[in-house]
Amino acid sequence: PGFVESSCRSRIFWMKLNKLLLQGKFFQLEIYDPYSGAVLLDENLASRCGYVLSEDVWGNPVFRASVLGCHVANEADELFSLTVNIKVSSFSSMRAAVTYTYPMYCSYTSWASREIVCEENYMEVSVRTDVPAVSNDYTVAWMSALPETQNVAYQQWQLMFVSPSGRKRITVSDAVKLGYSFNNTLSRVYLRAPYHSNESDVSMVSGVKMNMVTSTSMYRQRWLLLLIDTTVSCPVDGISFTDTTLTWTVPRVIPTLVVQESTFLSKSIVMGVDDQVIVNPEEMNYSLEHNETHIRVTIPIGAEGGKLESSISGGVYGVIYSIDLFLEHTWTDAGWQTTKYTVIKSITTPFMPRIPTVINNTVPEERLFNVVFGHFLPDVSLVAIAIGNVPFTLREAQHHGFRIYETPFPNGTKGFILEVSFDDPYVLKEYVNRNETKYTLLVNYTLSVGPEMTLYYHSAEVECVLADIEIPEAVGDCDEENLFLTLPTFGLHQYWDLYLGNKLLNRHLALTNGYLAATNSTHLILQIPLFAGGVIYEEVSFQKIKARFDVALRKVRTMETLQMFSVGCSFNSSAFIICHPNGTIMISAPMKTVPAIDMSKTKLRDSSCKPREYNEAHAFFKFHVTTCGTSVRFEGDHIIYENEISYEKETLPGQGIPRITRDPDYRLTVLCYYQAKETLVLGAFPSDPATSSPFGSGTMVPRSNTPAHRRVRQALNVVSRVSKDESFMEFYEPSTAILKRPVEPVFLEVELKDESPNVELYLENCWVARSPDFNSTPRWNITVDGQVVLNVQCTH
């Protein structure tokens, strides 16, 4: 039950087998002949005898047969029967086959004078043969009126084919050998011809390619000479496609079939799908139109009655639409009275790419990716996914916590929804901008496509940027001898690092500079002694010190500075030595002698270097390492600058030597240590930005302003370079143009290659000019007398 369905559509047997009951099985069809028994159906037999074995758009085997077929039992051209054996086996050799005998019956009485059927594999024309009675009064002399018919065989049908190669008259038996089938019934004569035979011709009719066999069937008996026009013509193309429709065009008037075109009258045009007539095509969005030259059927891609199925071509997803149509056109003309013209056409579109879309429905506030992947036909299923290149079956994905489910769309397609938490370990997370995280979901979909279950792969990348990071704020404080900086530890070393100048503030740097660092579960507390390295002294006098400590919050990867944390306080200190990075030394020297001395009379090695400020207890000196008799020496990785504060004793005059003094001895040695090679970050800016050039380009040329220094420079190995960034790892080539905006830093390195301990490097004057000429103007100073006036980072 349910294995076979059959119908009788017009003059055609129509049988369909259920593919579900044939799964995993093999089948054959045999045509039962009442005289010779079962005959196996093959391609040659089918086209010659009026049979078609194919599949409908759903994959069900379909068998069609003309009621004028070779093995059809015909009763008075009104009742027809055909018996088919269906053999089913589990083996391709068809052994152990089970045979089902299936009889079909068809009643057809409304024959037209001429009927033409254009099937998939054959063309058939049948003509009514109403012949009036022959009178015995006619003589053989009547035959002499038609001399060209004298050669027609007596009481034997012959066929006359007319083709571009000429005329050919053959017997019926010879026609069968050529693939034709000719016979007569009680009241009709029919000819069945294969497409593209040697006797056929191809011509264009109203833009449609037609295959035509022009023939005359001839029969002679006594005084009767029967000549029947059995010409047949069928369309072999006429199909066109767009992205949304398919169109089937058939000529309305076929000249070879209509002798007197002026008498042509179209009576009815009917279309159908499978074996069913479509009474109202508009209800199914079909269009059936005709004009003076064409009949045109237009079907929307995906319309009801056809099948839209998924396919893969060259790794690309797409669809194919198939539909089985037929068209019946009935007309009259003076030559043939009524002609019924039936065309059966199975149409399949070419592969139409349908690139899937990825719809990002993510709501950032929910911290949940919501990705829709579509649009797909029902014959597509999701079988696996990979998140971040980690494969999951659907069961594993659900178990991991991903949500995957289907969603329907109004046009009958569907999509697959994937939900993944931002916090899932397989989601890529990247800190971007100031306080944002970019979450990236990398998905690889694996789908099973179409009836062949072809695997299709598609990758997608979905991003979402969310402002979910809070940039820390620092709190500063001071006591009598220290500066304190407290800041949250969340995100440190994950998103940000702390930098002191260009150096990473890590444990080693803290210990080297004498900082104390303490952490708890939430905060980092830095204790910076007043005279520790990295402290910036904004104001220094022998009465007070105004000091500041700056720490930069920078991105881990890009080194971009996001925030500067500063703490500054004023301190009272009686004695100190401050060695500035630019070589300036400030000293508050205490008076600790008995009896007391006059601090105004203290001096440095150069006796002209007196205190700038003083009182009874202190003297304040400020000088540069290149002045006041300061000496320099190298010890390991350090440069040590040394000077001495002393007091000139007052002497009492006497008669001779020795002289007498009443003052105690006062000597205070001053030492400043600098690393031999250290990058110094100096935050100085031009006093008047409006006077700055919008950009500068040039090359580094070391040179001194004084002739004495110029002679020394020529004798020393001094190298100057401009670095491309603050890492001082990659440098511009000599004489390379460098483009900078006013707010951009210049990374300058001046290096003394000589290793003599008696030589020191002091960068006195450095400037940017429009040309290499040292006297060219205007010039934009970088350093003047060793003081930085532009935003420059130097290493020396």
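In this predicted model, the side chains of Arg64 and Glu120 meet in a salt bridge with a distance of 3.1 Å from N to O, where a salt bridge is a side-chain nitrogen of Lys or Arg within 4 Å of a carboxyl oxygen of Asp or Glu. The pair links distant parts of the chain, since Arg64 stands in strand S6 and Glu120 in the loop between S10 and S11, 56 residues apart. Strands, like helices, are DSSP runs numbered from the N terminus, and a strand (E) needs at least two residues, whereas a helix (H or I) needs at least four.

Residues are numbered from 1 along each chain as its sequence is written, and side-chain values use heavy atoms, with hydrogens and water left out. As the model is predicted, local features need pLDDT of at least 70 and side-chain atom pairs count only at pLDDT 80 or more, while totals for chains, interfaces and linings use all residues.

## Salt bridges

Arg64 also meets the side chain of Glu119 in a salt bridge, with 2.6 Å from N to O. Glu119 lies in the loop between strand S10 (114-118) and strand S11 (123-128), and Arg64 in strand S6 (residues 61-66), so this pair ties together parts that are 55 residues apart in sequence. How far these side chains are covered can be described by relative accessible area, for which buried means under 20%, exposed means over 50%, and partly exposed means in between, with a 1.4 Å probe and protein chains only. Arg64 is buried, with a relative accessible area of 5%, and Glu119 counts as buried at 2%, whereas Glu120 counts as partly exposed because its relative accessibility is 37%.

Another salt bridge is formed by the side chains of Lys87 and Glu30, at 3.6 Å from N to O. Lys87 belongs to strand S8 (residues 79-89) and Glu30 to strand S3 (residues 26-33), so the pair ties together parts that are 57 residues apart in sequence. Glu30 is buried, with a relative accessible area of 15%.

| Salt bridge | Distance, N to O |
|---|---|
| Arg64 and Glu120 | 3.1 Å |
| Glu119 and Arg64 | 2.6 Å |
| Lys87 and Glu30 | 3.6 Å |

By the rule given above, the count comes to 28 salt bridges.

## The largest cavity

Which residues lie closest to the centre of the largest cavity? A cavity is a set of points, on a 1 Å grid over the protein atoms alone, where a 1.4 Å probe fits but cannot get out, and its lining residues have an atom within 4 Å of a point. There are two cavities of 30 Å³ or more, and about 100 Å³ of space lies in the largest cavity, a volume being the space filled by probe spheres set on the points, which are joined across faces, edges and corners. Of the 14 residues that line the largest cavity, Trp14, Arg64, Glu120, Asp274 and Asp324 are the closest to its centre.

Strand S2 (12-17), strand S5 (51-55), S6, strand S27 (316-333) and strand S28 (337-348) each supply at least two residues of this lining, and the largest share, three residues, comes from S28. By type, the lining of the largest cavity divides into four nonpolar, two polar and eight charged residues; here Ala, Val, Leu, Ile, Met, Phe, Trp, Tyr, Cys and Pro count as nonpolar, Asp, Glu, Lys and Arg as charged, and the others, Gly among them, as polar.

## Features of the backbone

The peptide bond from Gly374 to His375 is cis, with omega near -5°, and His375 is found in strand S31 (residues 368-376). A cis peptide bond also runs from Val594 to Pro595, with omega near 0°, and Pro595 lies in the loop between strand S49 (584-590) and strand S50 (602-603).

Ser206, a residue other than glycine, has a positive phi near 55°. Its place is in the loop between strand S16 (201-205) and strand S17 (208-221), and Ser206 is partly exposed, with a relative accessible area of 34%. Arg367 likewise has a positive phi, near 50°, and lies in the loop between strand S30 (357-360) and S31. At 24% relative accessibility, Arg367 counts as partly exposed.

Definitions and conventions: On a 1 Å grid over the protein atoms alone, a cavity is a set of points where a 1.4 Å probe fits but cannot get out, and a pocket is an open set with protein on both sides within 12 Å along at least five of seven lines; lining residues have an atom within 4 Å of a point.
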